[in-house]
Amino acid sequence: MYDPAAGSDNALLLTEQLLVLATIIGSVAALPSFIEFISGVRKRKERIDLSLEDEAVEQLHPRLAGMDDLLASIEDLVDRARFPQAYQELKIGNEVLIIGPSQSGKKSLAQTLAKATGMERLVTVYNPRDTDALAKAKSLVRGYKRRKVMLLLPRIDLAYKQSDPQVLTELDALIESTSERQNVLVVATAVAFEPDSDLDNLFGIKLALPGAEVIVVNRREIAEEVEPEVRQMMAEVARFYLAEAGRHGFRLRDMTEDEFCSAILAEAMNPAEVEDIVVLCETTALFRRLTNRTSELIITQEILSTAIARVVIG
């Protein structure tokens, strides 16, 4: 006699068996893709590990010879990075580009700066063309909220020479977002440098070592019909930042306001460079007062010349 309940149970059992079989077949079919995904994740992690290093600064032992004069010449920049609270009113990013020939000690100089400025961690991105490494570096730096960290980008000139626009956009964002934080110092190195390039415009402070390769280019030409307007605009920018410095107590010595502005306008190529030069003048003047070398916030011709040399290369 036919049992409807038994028939229903058999049909249900058959359906479950078919579902299990289909699941097994589907899993087997998807296995190569799954293996490929896992392999890709592993390779990506290995690539990041090769491109990125996070180490304690206290464990660094850089060997730096023949650069005592250079270190002495940037003692105000070292002090600003070491004690950022004392300079927090000065609006300038904490980024430095070191330019010099291969094997000239750029990395050792960067590590020496990390120790001298009291950094606790050094995050080095050996391949700044790797977007995964850039993202990981950004995450690491952001994680050090209460610790001082240097972000080091060796041979950044190669990234700007060979990378696609998306990589450069991410690299620019990494530098700009991290250098705005008081506990972060961004240092990059380059063998070749081109004035008024994207790399030049990204870094406000440049340190050129002996033998640095500066690509000779013609300074940006200003169309004759707009030159008077451009010159006037740049002069107004220089006077504006000088007036701002004056409101904060900075004073010129042994030069007039016109002489100060003319010296800057003879070298600066855009308003950002004008601002950087004035702020670096303030940095040195404030450092000298903080270290009791002067009793006032004085900007001299020597301070101005040094500031221009740090901003304008070539």
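Colleague: Which residues is Gln111 in contact with, leaving aside its neighbours within four places in sequence?

Modeller: Contact means heavy atoms within 4.5 Å. On that basis, and with neighbours within four places in sequence left aside, Gln111 is in contact with Leu60, Pro62 and Leu122. Gln111 lies in helix 4; helices (H or I, at least four residues) and strands (E, at least two) are DSSP runs, numbered from the N terminus.

Colleague: What are the ground rules for the values?

Modeller: This is a predicted model, in which local features need pLDDT of at least 70 and side-chain atom pairs count only at pLDDT 80 or more, while totals for chains, interfaces and linings use all residues. Residues are numbered from 1 along each chain as its sequence is written, and side-chain values use heavy atoms, with hydrogens and water left out.

Colleague: Is Gln111 buried or exposed?

Modeller: Buried means under 20% relative accessible area, exposed over 50%, and partly exposed in between, with a 1.4 Å probe and protein chains only. Gln111 has a relative accessible area of 12%, so it is buried. In the protein as a whole, buried residues make up 41% of the 314 residues.

Colleague: Which residues of helix 10 are buried, and where do they sit around the axis?

Modeller: Here the arc is that of the directions from the helix axis to the C-beta atoms. In helix 10, residues 257-265, the buried residues include Phe260, Cys261 and Ile264. These three cover an arc of only 90 degrees around the axis, so they are on the same side of helix 10.

Colleague: What is the strand order in the open sheet of six strands?

Modeller: Two strands pair if DSSP finds at least two bridges between them. The open sheet has the order 1-3-4-5-2-7, with mixed pairing. Strand 1 (52-56) and strand 7 (205-208) are the edge strands, each pairing on one side only. From one strand to the next, the twist averages 20 degrees; axes for such angles are lines fitted to C-alpha atoms, for helices over the stretch in contact, and angles run from 0 to 180 degrees between N-to-C directions.

Colleague: In what sense do strand 4 and strand 5 pair?

Modeller: Strand 4 (residues 149-153) and strand 5 (residues 184-190) pair in the parallel sense, over five bridges.

Colleague: Where does Gln103, with its positive phi, lie?

Modeller: Gln103 is not a glycine, yet has a positive phi of about 60 degrees. Its place is in the loop between strand 2 (95-99) and helix 4 (106-116). Gln103 counts as exposed because its relative accessibility is 82%.

With 70% relative accessibility, Asn292 counts as exposed.

Colleague: How many aromatic pairs does a search of the whole structure find?

Modeller: Rings of Phe, Tyr and Trp (its six-membered ring) pair if their centres lie within 6.5 Å; planes under 30 degrees apart count as stacked, over 60 as edge-to-face and the rest as tilted. The search finds one pair. Phe240 and Tyr241 form it, 5.1 Å centre to centre with 75 degrees between the planes, hence edge-to-face. Phe240 is partly exposed at 44% relative accessible area, and Tyr241 is partly exposed at 22%.
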